[in-house]
Structure formats: C-alpha cells, structure tokens
Amino acid sequence: MSQVPPLFKREFLGYFRSPVAYVFLISFLVISVSLAFSRYGNFFRAGTAGLETYFLFFPWLFMFIVPAVGMRLWSEEKRSGTVELLFTLPVTTLEAVLGKFLAGWAFLTLAILLSFPMALTVAFLGDPDWGVMAATYFGAILMAGAYLGVCALTSALTKNQVVSFVLSLAACSALVFLGLSSFTTTLESFLPVGVADLVSNFSFITHFDAFTKGIVDPKDVIFFLSLIGFTLFLNVVALER
Amino acid sequence: MIAVQGLVKTYGANRAVDGISFTVNRGEILGFLGPNGAGKSTTMKMITGFIRPTAGSATVGGIDVTVDPVGVKRQLGYLPESAPAYPEMTVEEFLGFIAEIRGFRAVVEKRARVEHVLGLTQLASVRAQTIETLSKGYKQRVGFAQALIHNPPALVLDEPTDGLDPNQKNEVRILIRNMAVEKVVILSTHILEEVDAICTRVIIIARGRIVADETPAALRARQPGARLDEIFRTLTGADA
C-alpha cells in the first residue's frame with residue numbers, strides 16, 4: 001500500500017492542473033444552491049434553520065455530477081496511453097485503483113464541504129442543530145463515495161468516456177430509484193413485502209435519509225462502505241482482465 | 001539478465017507471439033527488428049508485465065513476471081511506444097512523480113534524481129513546460145528520462161529514437177551505449193543503421209517467430225555485400 005500516497009497526490013493535484021476542477025466545483029455549488037433556493041427547494045418557505053432543503057437534492061445531483069468526475073478516472077488513462085506507463089511501474093492494481101478512487105473521493109468531499117457558506121447562512125438566520133448538519137455532511141460524503149465507486153468501475157470497463165458516463169448514470173439511477181416510495185409500493189403489489197423491502201434496501205435514498213435526520217446508523221454506514229468495497233474489488237478485477 | 005522462454009500470446013485465433021525464446025545478459029544491447037505487427041511490442045509488453053502471456057515465461061533478474069510482477073517492474077526501466085506521460089503535468093512534476101513511485105520520497109533525494117536525469121536527457125530547458133506542449137522529440141526524451149530515473153539494471157525501450165532528429169538520435173544512442181556497460185538493454189527499432197550503431201546482438205521477429213538471432217556482423221555475413229534491408233527482406237519474406 002506504500003504506493004498509494006504518490007498515486008493519490010498525482011491524481012488529486014491533476015484535477016487542479018486543468019479547468020476540470022474549477023468548472024466542476026463552481027457548477028456543483030451553483031446548481032445545488034440554486035435548487036435549494038428555488039421553488040423546488042423552498043428554502044425560505046420551509047421556515048426551519050436547517051439544510052434539509054439543500055441536501056434534499058443530493059442523491060439526484062450526485063447521479064449526474066459524480067459520473068462527470070468518475071468517467072475520466074480510467075478512460076482518460078486508456079485513451080492517452082498512460083495506462084501502459086502506470087501498469088509497468090512497480091504498483092499493484094489495487095494500489096492504482098485505491099489511489100485514483102481516494103483522490104476522486106477527496107475531490108468530491110471538497111466540493112461538498114465548500115457549501116459551508118450555506119451552513120453559516122443558516123447559523124446566521126437561526127439556531128440550527130449542528131449535530132444533524134454534521135451527520136448529513138457525513139452521510140453525503142459517504143454517499144458520494146458510493147456513487148464514485150460505481151462510476152470508477154464503469155470507467156474501467158470502457159475506453160470511451162461517453163459510454164462510461166451513460167453506464168454509470170444508468171447504474172446510479174437504478175440505485176436511487178430502488179428507494180423511491182412509488183417504486184416500492186409497485187414492487188409490493190406483486191412481490192412479498194420482505195423481498196420488496198430487501199430490494200429497496202439497496203437504494204441510496206433509503207440510506208441517506210437517516211443521515212439527514214441526524215441519525216448515524218451503522219447499518220447505513222456499512223451499506224455505503226460495503227458498496228464502495230465491492231465496486232473497488234470489481235474495479236481491480238476489471239483492470240486485471 | 002532477461003530470460004524469455006517459449007512466450008506465446010494469442011488474441012482469439014491470431015498468434016501475435018508464437019513461441020519466442022532468448023536470453024540477454026548484462027553488457028548486451030539486444031536489438032529487436034521486424035516488420036510492423038511482427039510481435040516486437042507485444043513481446044516487450046509481456047516482459048514488462050503489461051500484458052499477460054498466453055503461455056511461456058519471462059524472467060528478469062531471476063524473477064518470473066507472472067509470479068512477482070511488482071518485483072520485475074522494480075528492476076526495469078520501460079519506454080513504451082509513443083512515450084506516454086501525463087499531459088497536464090510539467091516535465092519536472094512528472095519526473096518527480098515517477099521518482100516518488102520509484103522509492104525516492106525524501107525531497108532532497110527526489111530533487112537530485114530528477115536533476116540528474118534532466119541533465120542526462122537534456123531536458124533542463126523545458127523542465128517547467130507541460131508535457132502536452134512539448135514537441136515529439138522532447139516528449140520522447142521525457143519518456144526516456146522516466147525509464148532511467150531509478151538507474152535500473154534492465155532497460156526495455158520500444159523505438160527509443162522514434163521522432164528524434166539526427167542529432168538527437170545520435171545523443172540517445174551514445175547514452176544507451178554508455179549505460180549498457182552495467183545494464184541489460186533490449187530495444188526495438190525500425191532503423192537498420194541503429195543495429196550497426198549500438199546493438200551487440202540482433203533478433204529479427206516476423207509473424208510472431210524469431211527468424212534470426214545473432215550479432216550484426218553475422219547477420220551481414222548471411223549475404224556478403226548486401227545491404228541490411230535486403231537481408232531483412234529475405235528473412236522476413238516480404239517478397240513472398
């Protein structure tokens with residue numbers, strides 16, 4: 001695992017060596033904040049000093065934005081030929097996968113944390129529950145990691161960034177839709193409740209919800225972490241083919 | 001010491017590399033010659049651990065690449081075809097990254113290594129330029145620099161003088177000749193004069209098989225008075 005730090009460093013700084021990072025960060029912040037204050041978010045109408053309306057959109061926002069970060073993870077290396085350089089250096093496939101994933105995750109964490117002016121606004125306007133906000137940020141960061149795991153995997157499967165983006169979008173949508181109440185009630189109509197429950201348990205919304213209420217349930221943490229672990233494992237397998 | 005035994009690589013029905021065996025020792029510069037598609041790059045990619053062989057083995061310094069790929073990669077300096085590098089990094093940043101991966105983490109040590117290799121390959125003037133802005137010749141030298149940075153006992157160079165002007169070609173050849181004294185070097189080339197210029201031994205590969213394995217002198221002796229490219233053509237059956 002000793003090679004992970006230089007790989008992480010190279011990848012993370014790489015984001016900032018091109019316009020990618022800045023375009024992404026600014027777009028993410030502008031879109032997420034606009035949504036919160038818009039008619040869909042009802043930030044002011046809600047009347048509570050909290051960030052629920054801001055985080056409400058995260059599962060949907062991530063579904064589009066995380067593939068934008070993840071799609072270039074491996075596709076870029078394959079296209080530019082640097083994959084041949086990387087895999088003739090004395091690094092294991094696992095170290096390479098971890099280095100890239102952690103760098104992407106750190107970058108997404110940065111994007112999420114850069115919304116702290118929202119937290120400050122709420123603190124200024126009222127008396128928010130910091131525990132709930134901290135829990136939600138934590139959950140958002142975990143969820144971003146889980147999305148990224150899926151996107152990194154699809155990126156490893158193809159040289160084409162567009163295909164990677166579409167595949168990861170499809171996979172992430174599936175993971176989100178599984179938790180929508182309208183979807184679960186449809187499932188329950190023709191499947192036993194236990195099975196429908198099991199299926200909805202794979203949804204990002206289901207697990208993120210608890211965090212937004214300030215509950216840090218080990219079950220939810222484990223869901224996200226195990227999804228990350230699983231997609232990283234598949235990532236290594238996909239590359240070693 | 002690099003030893004290759006019965007290496008095979010098949011892509012579906014196509015036998016890209018069809019049973020290649022040879023050994024190279026310290027002090028030797030082995031030139032791989034062959035038509036395009038003959039299997040030169042594929043063989044090199046198997047030796048360096050980028051591609052898994054379908055059959056056969058490749059060992060570097062006694063270590064089998066399929067058993068301990070990282071161990072093999074540690075001993076190798078590899079210059080892939082088209083000298084890939086991260087385009088948005090500067091030359092200095094890129095070489096610093098490679099140095100870190102090669103184990104030179106301490107700042108002083110890392111800087112010393114990068115300086116040394118910048119000097120060897122005459123890249124000092126472009127050290128702060130991003131790699132995507134470099135000309136082909138400079139990009140090639142960056143690729144070469146990264147292969148040398150850890151002073152490996154073995155060098156595998158895929159077309160090292162590709163895209164260089166005649167002066168640069170000469171400099172690289174001199175560099176390779178100097179390094180080869182204490183290293184094993186395998187290089188592939190299309191340039192027949194390079195064979196005479198630096199190689200101590202030549203292997204000609206055609207259609208995945210070795211058709212000649214001897215010194216340049218012995219190769220010339222096959223058809224006394226003939227040009228190297230004529231001998232090459234006879235051996236690789238281009239007229240057939």
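**Exercise 1.** Determine how α1(A) and α8(A) are oriented relative to each other in this predicted model.

*Solution.* Step 1: the axes of α1(A) and helix α8 of chain A, residues 93-113, cross at roughly 40° and come within 8 Å. Step 2: angles under 35 degrees count as roughly parallel, and 65 to 115 as roughly perpendicular. Step 3: α1(A) and α8(A) are therefore oblique to each other. Step 4: as for handedness, the crossing in which α1(A) passes α8(A) is right-handed.

Step 1: α1(A) contributes A:Val4, A:Leu7, A:Phe8, A:Glu11, A:Phe12 and A:Tyr15 to the contact, while residues from α8(A) include A:Leu98, A:Leu102, A:Ala106 and A:Phe107. Step 6: sorted by class, the contact of α1(A) with α8(A) comprises eleven nonpolar, one polar and three charged residues.

**Exercise 2.** Describe the contact between chain A and chain B.

*Solution.* Step 1: on chain A, 17 residues are in contact with 18 residues of chain B. Step 2: α1 (4-16) and α7 (82-86) of chain A are the elements that give two or more residues to the side touching chain B. Step 3: that side of chain A divides into six nonpolar, eight polar and three charged residues.

**Exercise 3.** Is helix α1 of chain B largely enclosed by the rest of the structure, or exposed?

*Solution.* Step 1: the buried residues of α1(B) include B:Lys40, B:Met44 and B:Ile47. Step 2: eight of the eight residues of this helix, residues 40-47, are buried, so α1(B) is largely enclosed by the rest of the structure. Step 3: B:Gly49, with a positive phi near 85°, follows α1(B).

Note on methods
Residues are numbered from 1 along each chain as its sequence is written. Chains are lettered from A and ligands numbered from 1 in the order in which they are written. This is a predicted model: local features need pLDDT of at least 70, side-chain atom pairs count only at pLDDT 80 or more; totals for chains, interfaces and linings use all residues. Two residues are in contact if their C-beta atoms, placed from the backbone, lie within 7 Å. Helices (H or I, at least four residues) and strands (E, at least two) are DSSP runs, numbered from the N terminus. Ala, Val, Leu, Ile, Met, Phe, Trp, Tyr, Cys and Pro count as nonpolar, Asp, Glu, Lys and Arg as charged, and the others, Gly among them, as polar. Axes are lines fitted to C-alpha atoms, for helices over the stretch in contact, and angles run from 0 to 180 degrees between N-to-C directions. Angles under 35 degrees count as roughly parallel, over 145 as roughly antiparallel, 65 to 115 as roughly perpendicular and the rest as oblique. A crossing is left-handed if the near helix is turned anticlockwise from the far one by less than a right angle, and right-handed if clockwise. A residue is buried if 20 or more other C-beta atoms lie within 10 Å of its own, exposed if 12 or fewer, and partly exposed in between; C-beta atoms are placed from the backbone.
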